Amino acid sequence: MTVKTAIKDVTDRIAARSEASRRIYLDRLDKARSQGVHRGVLSCGNLAHGFAACGPTDKAQLAGDTALNLGIITSYNDMLSAHQPYETYPDLIRAAAREAGGVAQVAGGVPAMCDGVTQGQMGMDLSLFSRDVIAMSAAVGLSHNMFDAAVFLGICDKIVPGLVIAALTFGHLPAVFIPAGPMTSGLPNDEKARIRQLFMEGKVGRDELLEAESKSYHGPGTCTFYGTANSNQMLMEIMGLHLPGASFVNPGTPLRDALTRAATKRALAITAQGNEYTPAGHIIDEKSMVNGLVGLLATGGSTNHTMHLVAMANAAGLRITWDDMSDLSEVVPLLARVYPNGLADVNHFHAAGGMGFLIRELRDAGYLHDDVTTVWGKGLDAYTKEPRYIDDELTFEPAPRDSGSPKVLTGAAKPFATSGGLKVLGGNLGSGVIKISAVKPENRIIEAPARVYHTQQGLIDAFKAGELTSDFIAVIRFQGPRAVGMPELHRLTPTLGILQDRGIKVALVTDGRMSGASGKVPAAIHVTPEAADGGPIARVRDDDLLRLDAEKGTLAYLGDEASFLARTPATESLEHEHFGMGRELFAGFRQLVGTADRGASVFG
């Protein structure tokens with residue numbers, strides 16, 4: 001199948017830009033493989049420590065140096081709904097590994113924090129940095145040289161990107177990602193948003209708000225809106241690190257368990273000791289990365305991945321840029337409408353045809369590279385199918401030819417929009433990103449005076465005091481990775497949404513992040529250079545005339561540019577000099593972290 005010229009052009013320039021770094025990376029993988037991934041390279045003392053806690057059968061297998069050993073990296077904890085289902089996975093994986101003649105051991109656990117719990121709290125300052133901590137934690141687990149392959153149990157926000165960075169750092173090992181799936185549908189997301197706004201207006205109390213939130217987030221599994229967690233799952237499937245159709249099967253179902261068992265056996269089947277050796281570092285190349293970017297754009301996925309995908313690519317010696325994303329967004333059609341880009345949730349998306357339908361439509365229309373390697377084999381044909389569990393047997397059937405819900409999922413011939421869900425903005429205020437698919441056309445251009453704050457609470461206080469009565473562009477600065485760790489500013493969404501509903505034209509410009517559920521208010525986020533680095537955003541003052549044009553992709557100060565550049569940049573507010581919640585442990589991260597357009601990572 002022929003890929004479209006625009007897709008090929010971006011892919012080719014990524015390959016050219018990455019030629020030297022990718023060659024160094026692949027050479028390192030070859031060296032790691034040649035050194036051996038088997039227990040025979042360990043001393044007897046090393047090996048005895050490695051299997052000391054195993055049962056007799058597993059110990060005998062590992063002592064013989066012929067059985068395959070599968071490492072399990074898990075983000076299980078039972079406070080977070082998305083990760084609670086992983087409690088039972090190790091036993092399921094061990095049993096499946098034994099059926100395949102191998103052994104499985106939990107190699108290590110990684111932290112998993114929830115942005116939903118930490119929204120508006122000091123803990124949110126640690127959120128983005130937790131991705132790099134997760135990568136390092138997983139690396140510790142894999143460092144024992146006991147494993148022929150690894151499976152990664154993770155699903156949300158920073159967890160999956162961190163695990164991918166680790167999997168690619170150990171890219172000579174096969175890696176299969178195993179999801180837990182979304183919770184079943186609860187209170188519709190638009191109704192939840194409506195009650196949040198009513199609470200901010202003082203029209204309902206905390207009891208009503210908590211009841212609505214509890215009906216929305218009500219059981220095991222990921223949240224059902226299309227934020228970063230579910231964007232992660234889409235990416236892992238379209239990039240070939242999941243089994244086909246695995247992303248959005250609910251927890252606690254026979255099909256979910258069957259897919260976990262199949263993923264275990266597949267991980268053992270693609271090791272260096274077999275005939276289908278498929279290391280993670282060869283699955284993720286420039287073509288699979290572009291496939292991931294296309295999937296993100298075609299579904300209106302999380303803006304957080306404008307950073308995460310850059311960091312993930314860096315781990316594989318690949319160099320992708322925001323310009324790559326912007327150019328792809330000009331040609332990739334929007335095929336999904338999932339909240340906040342619509343009223344449906346991911347369960348509705350899955351029921352309408354899900355990933356199998358989406359991948360087939362994008363591939364057949366020339367938007368995806370089909371000549372890729374996945375954990376399931378060569379090409380994407382298997383990923384145009386969906387799993388079924390019938391009579392105790394896992395089978396795969398072609399995805400439906402027609403969408404079961406055309407308002408949720410559509411074909412490439414009749415897209416919701418002819419361009420993708422994300423837009424890169426640039427101008428004399430710096431560069432940023434906007435999720436344009438969530439913003440109505442009439443709200444995509446705003447020219448208004450600035451209102452400057454150093455915390456999201458500052459804007460909320462101004463709203464409560466009745467100070468926000470005319471059009472404005474809110475500038476929330478000193479929220480970048482070097483300042484406070486780049487927290488999400490999701491608490492602003494109801495407030496700005498209320499003002500917009502009142503007929504006031506509003507927008508947000510920030511060097512911080514918004515949630516993956518960022519919605520109807522135009523928001524230029526991840527602005528770089530950030531204020532803490534003296535970026536232009538640090539020179540903005542109240543009442544400066546600004547313009548955000550999401551159609552043309554501009555972000556600009558409209559006054560005299562020379563006098564603007566001559567201003568002394570503002571310095572960080574003392575409000576940020578707080579400690580607690582472990583924030584002081586991450587001081588080194590803030591000093592080392594790169595810019596948002598380079599992945600906001602301490603690596604590379």
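This is a predicted model: local features need pLDDT of at least 70, side-chain atom pairs count only at pLDDT 80 or more; totals for chains, interfaces and linings use all residues.
Eight aromatic pairs are present in the structure. In one of them, the ring centres of Phe129 and Phe586 lie 6.2 Å apart and the planes meet at 10°, so the pair is classed as stacked. This pair joins distant parts of the chain, with Phe129 in helix α7 (residues 127-142) and Phe586, 457 residues apart from it, in the loop between α21 (561-566) and α22 (587-592). Both Phe129 and Phe586 are buried, and together with Phe589 they form one aromatic cluster.

An edge-to-face pair is formed by Phe248 and Phe349, at 5.9 Å centre to centre and with 90° between the planes. Here too distant parts of the chain are linked, since Phe248 belongs to the loop between α11 (228-238) and α12 (254-269), whereas Phe349 belongs to helix α17 (residues 346-352), 101 residues apart. Phe248 is buried at a relative accessible area of 2%, and Phe349 counts as buried at 5%. Rings are also involved with charged groups: Lys4 lies over the face of Tyr367, 5.2 Å from the ring centre, and the charged end of Arg266 sits over the ring of Trp376, 5.7 Å from its centre.

Ser18, located in the loop between α1 (5-17) and α2 (19-34), is buried with a relative accessible area of 1%. Its side chain reaches the backbone nitrogen of Arg319 at 2.8 Å, and Ser18 also touches Gly317 and Leu318.

In helix α9, the buried residues are Asn189, Lys192, Ile195, Gln197 and Leu198, and their cover includes α10 (206-216) and α20 (492-501). Just after α9, Gly202 adopts a positive phi of about 75°.

How values were computed: Residues are numbered from 1 along each chain as its sequence is written. Side-chain values use heavy atoms; hydrogens and water are left out. Buried means under 20% relative accessible area, exposed over 50%, partly exposed in between (1.4 Å probe, protein chains only). Helices (H or I, at least four residues) and strands (E, at least two) are DSSP runs, numbered from the N terminus. Contact means heavy atoms within 4.5 Å. A polar contact is a pair of N or O atoms within 3.5 Å; within protein, one must be able to donate a hydrogen and the other to accept it, and residues adjacent in sequence count only if both atoms are side-chain atoms. Rings of Phe, Tyr and Trp (its six-membered ring) pair if their centres lie within 6.5 Å; planes under 30 degrees apart count as stacked, over 60 as edge-to-face and the rest as tilted. A charge sits over a ring if NZ of Lys or CZ of Arg is within 6 Å of the ring centre and within 35 degrees of the ring normal. Lists of a residue's contacts leave out its neighbours within four places in sequence.
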